[in-house]
Amino acid sequence: MAILNNKLSQQQYAENFSDIHPPFETHNAALVEANRCLFCYDAPCIKSCPTGINIPKFIKQITSDNIKGSAHTIFLSNIMGAGCSKVCPVEKLCEGSCVFNLMDEPPIPIAKLQRYSTEKAMQQKWQLFERKKSAGKKVAVVGAGPAGLSCAHVLSREGIDVTIYEKENKAGGLMTYGIAAYKVTPEFCEDEVNYILSLGGIEIKYKQELGKNISLAELQKKYDAVFLGMGVGLANRLYIPGEDLEGVEDAIKFIYDLRDKGFSAIPVGDKVAVIGMGMTAIDAATQARRLGAKEVTMLYRRTQEEMPCTQHELDIAMLDGCKIIWLAAPKELKGVNGKVSEIICSIMQLGEPDVSGRKSPVETGATFSLEVDMVIKAAGQMPFEQLIIDNEIMNNKGKIVINNSETNIKGVFAGGDAVNGGREVVDAVQAGKDAAAAILSYIFHAKR
Ligand code: SF4
């Protein structure tokens, strides 16, 4: 067993990481599906979209060949509508609530139709929004992820000059660095960011990190308002013996490296255990398999009923050949010559519901062990707690506390994962919009 990179040929990498959701091949194929939509009154699909996209409207616009209008409808509610059409867990959002499910018929493929319109807009470089003339106001945004870009786009449309401070050398945040490459390619993410920036009025300063190169006090002094959308950091620690052995990896870093350095540069083990059952865990497990791991086992301390990922995500992992062990919690990692070689797990059972409302896992006292050469931790992410405390921002275990998007510091707003601890891209987009509305009201109406 060995952790090695370059396990596959270039052709195998290309096949393994090709787009998992192919687009419509013809306009007619899109029309057939669009024409199935019932254009429901009080459409449940709109209510289940966190950004409230008017779904029946954009579908109707496709049927009347108004693709430009359709893309505008989508981007008006969600400027990352193209990326969201590829990464949203639609089976538990819009498509999951489509009325066709009640008739035991396949739901309208909303995401595929959304992709149809938005990709065309991006490819054709349609400029669907006009920036109002400058209002003479400046806002700083920390983090060029979905929350920051969404906030910046709304503000710029209103004539605000926005400067985004991004610690990486690319924008897109979670979309660019934190999602499986077979869902969104790095090239797509770059195109999406460029499309958003083509509005004008938004400047991104790269390699600028709050608390290192820039301070909140400086930003407050230079700008009329500040938006904090820096997301969350690395995976939670497991706090078990052996956690620092060689071969124990952080899922966020694993996915980040894969996207940043390219497939062949990323070492992967032969026998990999992934701890967790959220979207990040699924992305790490499936990509480990696709990089050439012979065996990938996912360990989750609860059962399928409580898992945070969707059934669709679980199906992807299982189709990729990942094994799933339910009711298993890591207890200890053992190693040989400093390298991880075995994971010992407690066998759990379900007890009373905890604060999350899910049944809590309780140790049975029994254990089992697996031979491994790599362990990937994907059991939630840590907020930037110290940074937030250092800046005296009110928080709950590192998650920023807000009231109508504003923090306890006047003129400093926040949203996205830094507030909720880590949810979907589409939730961050909405948080950015909410914050932009609050910032506009603060800049133009609040007594300061
Ligand atoms: Fe169309 Fe389904 Fe939405 Fe109804 S619920 S408007 S059928 S996509």
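Two residues are in contact when they have heavy atoms within 4.5 Å of each other. With that in hand, look at the whole chain. Among its contacts with a separation of 6 or more, 72% join residues 24 or more positions apart.

A word on the source. This is a predicted model, in which local features need pLDDT of at least 70 and side-chain atom pairs count only at pLDDT 80 or more, while totals for chains, interfaces and linings use all residues. Residues are numbered from 1 along each chain as its sequence is written, and side-chain values use heavy atoms, with hydrogens and water left out.

Now the overall build. The chain holds 18 helices and 15 strands. Both are DSSP runs numbered from the N terminus: helices are H or I with at least four residues, strands are E with at least two. The C-alpha atoms fill a box of roughly 65 × 55 × 45 Å along the principal axes.

Of the 448 residues, 52% count as buried. Buried means under 20% relative accessible area, exposed means over 50%, and partly exposed lies in between (1.4 Å probe, protein chains only). The accessible surface of the chain comes to about 20000 Å², and carbon and sulfur atoms own 50% of this surface.

Helix H15 covers residues 311-319, and its buried residues are Glu313, Leu314, Ile316 and Ala317. Which side of H15 do they take? They sit on the same side of H15, because they cover an arc of only 155 degrees around the axis. The arc is that of the directions from the helix axis to the C-beta atoms. An α-helix has 3.6 residues a turn, so residues three or four places apart point the same way. What do the buried residues of H15 pack against? Their partners are helix H14 (279-290), strand S7 (295-299) and strand S8 (323-325). After H15 comes Gly321, with a positive phi near 90 degrees.

Ser77 lies in helix H5, residues 67-77. Is Ser77 buried or exposed? Ser77 has a relative accessible area of 14%, so it is buried. Setting aside residues up to four places away in sequence, Ser77 touches Thr51, Gly52, Ile53 and Lys433.

Ser341 belongs to strand S10, residues 339-353. Ser341 has 22% relative accessibility, so it counts as partly exposed. Beyond its neighbours within four places in sequence, Ser341 is in contact with Lys334, Gly335, Val336, Leu370, Glu371 and Val372. Take Val372: 31 residues separate it from Ser341 in sequence, but their C-alpha atoms are 5.0 Å apart in space.

Finish in the loops. Asp104 is in the loop between helix H7 (94-97) and helix H8 (110-124). Asp104 is not a glycine, yet its phi is positive, about 55 degrees. Its relative accessible area is 74%, so Asp104 is exposed. Tyr239 is in the loop between strand S4 (225-228) and strand S5 (248-250). Tyr239 is not a glycine either, and has a positive phi of about 55 degrees. With a relative accessible area of 66%, Tyr239 is exposed.

How values were computed: Accessible areas come from the Shrake-Rupley method with a 1.4 Å probe; for residues, only the protein chains shown count as cover.
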